[in-house]
Each structure stands twice: as structure tokens, then as C-alpha cells.
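Dear colleague,

Please find below the structure that I am handing over to you. My notes on what was found in it follow directly after.

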Amino acid sequence: MSVADGGDASGQAPARPGIRVLSQFIRDLSFENPASGPVSGQPNIDLAIDVSATPHASAAGVFEVALKMSGSAKSDDTTLFLFELDYAGLFELQGVSEPDVEPILLIECPRLLFPFARRIIAEVTRDGGFPPLLVDPVDFNALYQSQKQQEGSGAPAPSA
């Protein structure tokens with residue numbers, strides 16, 4: 001393979017861009033069940049999602065991505081439950097160009113974390129005495145694009 005074919009002078013192929021999940025963990029989890037007793041009708045569910053990413057001190061190219069989900073269920077004027085989950089992961093990016101780092105961290109990494117966070121929320125609501133709350137899939141690309149538009153206009157970023 002020649003340099004013109006995408007290899008380097010040593011004959012090695014260039015590193016392919018990749019994401020490596022080093023670890024994932026619950027940073028904070030809170031569930032409150034202020035109401036007890038049977039629920040009449042379908043409760044109103046409010047959900048907010050926030051994503052953040054920061055470089056990690058452990059090594060270059062390693063980032064911590066946090067997926068924060070909070071919500072509540074209300075029936076009439078009664079709060080049935082409240083939850084907050086801060087679920088994070090350490091990701092190593094390899095061979096990623098600088099312009100692609102932010103979208104990967106704020107779209108692809110949360111997409112990898114989401115199924116685990118969704119399962120945790122379903123289990124904690126079930127363990128709290130309610131039917132499991134199965135959070136609908138999130139379009140992190142649309143959330144990212146909306147956040148970029150909000151930053152451009154100077155308005156606060158929306159929650160999902």
C-alpha cells in the first residue's frame with residue numbers, strides 16, 4: 001500500500017475512526033414515591049433529557065459523557081413519583097477528526113448509553129410500585145441540532 005492509497009510511509013493502514021466504551025456507571029439516582037394507593041386513569045408523564053461531555057483527565061482522547069434524565073408522573077394534582085438519573089460513560093475516541101468529536105460525543109455516545117439508562121428507569125419505577133416507565137427512544141441527532149440552533153440564536157436550549 002502506498003501513501004497515495006491511504007497508507008503511511010511505514011506501510012501501515014491509517015487508523016479507522018472508532019469509539020471505545022471504557023466504562024459506564026450510575027453517577028446519581030433518585031426516586032421519590034410521595035403518593036401511595038391506587039392510581040385512577042393514565043398519569044401525565046414529564047421527561048427532561050440533557051447530555052454533556054467533558055474531557056477526562058485519565059488520557060488524551062478519553063471523554064466522560066453524561067446522560068441526565070429526570071421526570072415525574074402526575075395524576076390530577078397528585079405527584080405519583082419523581083426520578084432523576086445521571087448515567088455516564090467513559091469513551092475513547094480514536095482517529096476522529098476534530099470537527100467530528102462534538103457530534104460523536106453528543107449524538108453517538110448518548111445513543112450507546114440510552115438503552116441502559118432506559119432499563120434503569122423502568123426497573124426503578126417498577127420497584128417503586130408502578131408499571132415500568134418505558135421511555136420512548138430519543139433522537140439524539142435532532143436534540144443536538146436543536147441545541148446548536150438555540151446556541152446560535154442565544155436562546156436557552158430545550159429539554160427533550
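Is Ile 19 buried, partly exposed or exposed? In this predicted model, Ile 19 has a relative accessible area of 35%. Because buried means under 20% and exposed means over 50%, Ile 19 counts as partly exposed. The residue sits in strand β1, which covers residues 18-32. Together with Val 21 and Leu 112, Ile 19 makes a nonpolar surface patch of about 220 Å².

As to the overall arrangement, the chain contains four strands and two helices. Read from the N terminus, the order of these elements is β-β-β-β-α-α. The chain has 160 residues, and 32% of them are buried.

Helix α1 spans residues 98-127, and Glu 102 belongs to it. Glu 102 has a relative accessibility of 35% and is therefore partly exposed. Between Glu 102 and Ala 53 the C-alpha to C-alpha distance is 8.4 Å, although 49 residues separate the two in sequence.

I also draw your attention to the largest pocket, which holds about 200 Å³ of space. Its lining consists of 11 residues. Those nearest the centre of the pocket are Gln 42, Pro 43, Ile 45, Phe 81 and Pro 131. By residue type, the lining comprises nine nonpolar and two polar residues, with no charged ones.

With kind regards

Terms used. Residues numbered from 1 in each chain as written. Predicted model: local features only at pLDDT ≥ 70, side-chain atom pairs only at ≥ 80, totals over all residues. Heavy atoms only, no water. Patch = residues over 30% accessible without salt bridge, like charges linked within 9 Å, V, L, I, M, F, W, Y side chains within 5 Å. Areas by Shrake-Rupley, 256 points an atom, 1.4 Å probe, with all protein chains shown as cover. Salt bridge = Lys/Arg side-chain N within 4 Å of Asp/Glu carboxyl O. Buried < 20%, exposed > 50% of the residue type's maximum accessible area, 1.4 Å probe, protein only. 1 Å grid on protein atoms, 1.4 Å probe; cavity = no way out; pocket = protein on both sides within 12 Å on 5 of 7 lines; lining within 4 Å. Points joined across faces, edges and corners; volume = space filled by probe spheres on them. Nonpolar A, V, L, I, M, F, W, Y, C, P; charged D, E, K, R; others polar.
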